[in-house]
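Here is a short briefing on one protein chain. Look over the sequence and the model, then read the points below.

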Amino acid sequence: MVRARHLDLDEGMVLLLHDQCYHGADCLNALALLSSRVGWFNRLNHALFRHPRLARVAYPALRAGRNVILRILGRRPIDAP
């Protein structure tokens, strides 16, 4: 389903839920709304990313951080040969 929609997992995470597909910042927002409020991390995640605009603003920085860490660790992109 992800490939049929031409979604690049190297460019953003994907959530498939109830025949809906969420990608990138929309996925981050949906996960925040689905998460429990137990624990400080979950409460912080929900407080920050339940707002779609904030998720859209923060997502590129989070993705850039992920890419930097993957480069430091010497990991290849998902679709790399």
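Helices (H or I, at least four residues) and strands (E, at least two) are DSSP runs, numbered from the N terminus. In this predicted model, the protein chain has 3 helices and 2 strands, and from the N terminus the order of elements is β-β-α-α-α. Local features need pLDDT of at least 70 and side-chain atom pairs count only at pLDDT 80 or more, while totals for chains, interfaces and linings use all residues. Residues are numbered from 1 along each chain as its sequence is written, and side-chain values use heavy atoms, with hydrogens and water left out.

**Overall**
- The C-alpha trace of the protein chain spans about 40 × 35 × 20 Å along its principal axes.
- Of the 81 residues in the protein chain, 22% are buried; buried means under 20% relative accessible area, exposed over 50%, and partly exposed in between (1.4 Å probe, protein chains only).

**Cysteines**
- A disulfide is a pair of cysteine sulfur atoms within 2.5 Å, and the count here is 0.
- The reason is distance: the sulfur of Cys21 is 8.6 Å from its closest cysteine sulfur, in Cys27, which is too far for a bond.
- Cys27 is buried, at 1% relative accessibility.

**Salt bridge**
- The structure holds 1 salt bridge, meaning a side-chain nitrogen of Lys or Arg within 4 Å of a carboxyl oxygen of Asp or Glu.
- Arg63 and Glu11 form this salt bridge through their side chains, at 3.9 Å from N to O.
- The pair links distant parts of the chain, 52 residues apart: Arg63 is in helix α3 (residues 52–72) and Glu11 is in the segment before β1 (14–17).
- Arg63 is partly exposed at 27% relative accessible area, and Glu11 is partly exposed at 41%.
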